[in-house]
Number of protein chains: 2
Amino acid sequence: MQHLRNTISNLRDEKPNIRIGFVPTMGFLHEGHASLLQAARQQCDIVVLSIFVNPLQFGPNEDFERYPRDEARDLALAKAAGTDIVFSPSTAEMYPRPSKTQILVSGVTERLCGASRPGHFDGVGIVVTKLFQIIQPDAAFFGMKDAQQVAVIKQLVTDLNMPVEIVPCAIIREQDGLAMSSRNVYLQPEEREQALVLSRTLKQVEQKVIEMGGNLPASELQQAIRKQIEEMPLADIDYVEILAYPDLEPIERMKDAKEAIIALAVRFGKTRLIDNVIIQLQE
Amino acid sequence: MQHLRNTISNLRDEKPNIRIGFVPTMGFLHEGHASLLQAARQQCDIVVLSIFVNPLQFGPNEDFERYPRDEARDLALAKAAGTDIVFSPSTAEMYPRPSKTQILVSGVTERLCGASRPGHFDGVGIVVTKLFQIIQPDAAFFGMKDAQQVAVIKQLVTDLNMPVEIVPCAIIREQDGLAMSSRNVYLQPEEREQALVLSRTLKQVEQKVIEMGGNLPASELQQAIRKQIEEMPLADIDYVEILAYPDLEPIERMKDAKEAIIALAVRFGKTRLIDNVIIQLQE
């Protein structure tokens, strides 16, 4: 960690106006991560990637132990995407002793994954804050598949006056529409097939909302989405919600918010997938 | 705030290895603050002083409204002590909307002022974090009169990997022993006279502990201190505690900790004073 700090400090000393871009990940990189690295590459002079499977953002019954890891493959992908510096600390390096400091973000953490994964965003908040303090990036790049995570981190950065620009990047999908995720490797073939209902439904609903001008009641849309997903025998819905974005407050009609998010989390077998679409309706 | 950020950023661009020292205060400066500014002056290239009476670290029945303020006098003292930059934001600038982000430090906040001023250190934690993010100092200077505050901030900085050195500075006292505090101006003459019991008792106890080699039970000492303070009719004890420092855990005998703190908070009329002494006993 001190070595990384020195490297970054030297880079800043050599070139004062240097712009450092940062892509925090849990590794097992896919094209979604590659798109973040490419965005950082385009907008910054130096691209720093972190790989750290953060135990604090996993619940006791979640998949921390079996979370997929492949550092050799990650390093190759990182290099191909133009990464300058890779930081892959051990758990002991990140948490030499249990943190007595907690960072809690209220409001934006109460629904969606915040409700179904208690403590998850507390873990995200502390690790992102620590990484920002270690790396001190000018910009940090996050994928919009984790739209709530982006909202939480933006809130945190604003509230704490952190000098870092949060750059949200579009969801990257497989050719058939499945949102890219490190967890997709868990999916059995039949689960993978049925999981396509998520992106398919979101796309249809987005189309419908745009056609109807946002007058549709959110609750009706929500029911329609649930029904469509439930047609897949392997699908087990965790949540389907329609909220204002990024404050994640309930809305009655789609057009009640400048931006509305349709967000869902659905289990296929042991694998919990999330996906979302954000729709802009107000002028 | 953006102006301050630009100024500091330009200073760093001009002189890459510049060391920026920071002294956060609530203003109404006295010689204690001056000693922090002087320490920063000696150890750093640039000295930044902040003056901000932080509403979040005052309880609902505390003295936020009547906390003494005198910015003209503060600026003169700051200048005399060699301050380069003064940052005195408004409340609206520091908290444009209520913070949804909380920073909670456990363990070190549970006793002493943490127990008698609920929420106080949450307010300290958030304001210090925000100021550190705005100013990005290399070192920050804090007076040891607020020994628990120093412990809390050290914990926070360690847990969050903040790239700032915390420099604790000795308590500065009036000639008669009273620890300097902005709140001393509240004291009526008779209260001020009786308040001398605090420093006098701490000094005597320190002497006694050093002579006895730290074998004294902490509880006995605590009782002796309480008794001595209670002889003053205007003294109203909030707490007298003897703990390990800086982790602020209870000890049986003085020598049970590498460093032990004898800390007290006592009201004289409407004015709550704190004072402490830290004693090193183990080799």
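Reply: Start with contact: it means heavy atoms within 4.5 Å. By that rule Gly82(A) touches Arg41(A) and Val47(A), leaving out residues up to four places away in sequence. This is a predicted model, where local features need pLDDT of at least 70, side-chain atom pairs count only at pLDDT 80 or more, and totals for chains, interfaces and linings use all residues. Residues are numbered from 1 along each chain as its sequence is written, chains are lettered from A and ligands numbered from 1 in the order written, and side-chain values use heavy atoms, without hydrogens and water.

Me: Why is Gly82(A) called partly exposed?

Reply: Its relative accessible area is 21%. Buried means under 20%, exposed means over 50%, and partly exposed lies in between (1.4 Å probe, protein chains only). Gly82(A) is therefore partly exposed.

Me: What makes the place of Gly82(A) a loop?

Reply: Gly82(A) sits between helix H3 (71–80) and strand S3 (85–87) of chain A. Helices (H or I, at least four residues) and strands (E, at least two) are DSSP runs, numbered from the N terminus.

Me: What makes S8(A) and S9(A) a pair?

Reply: Two strands pair if DSSP finds at least two bridges between them. Strand S8 (residues 259–268) of chain A and S9(A) have 10 bridges and run antiparallel. Ile261(A), for one, has Ile278(A) in S9(A) as its bridge partner. Two residues lie between the strands of this hairpin, where Gly269(A) takes a positive phi near 65°.

Me: How do you know that strand S9 (residues 271–280) of chain A is mostly covered?

Reply: Eight of its 10 residues are buried.

Me: What makes S3 and S6 of chain B edge strands?

Reply: Chain B has an open sheet of five strands with parallel pairing, in the order S3-S2-S1-S5-S6. Strand S3 (85–87) and strand S6 (165–169) of chain B each pair on one side only. Further in, strand S1 (residues 20–25) and strand S2 (residues 46–51) of chain B share six bridges. There Val23(B) stands opposite Leu49(B).

Me: How much area do chain A and chain B bury between them?

Reply: About 2700 Å², 46% of it on carbon and sulfur atoms. Buried area is the accessible area (1.4 Å probe) that two parts lose on being put together, summed over both. In this interface, 28 residues of chain A are in contact with 28 residues of chain B.
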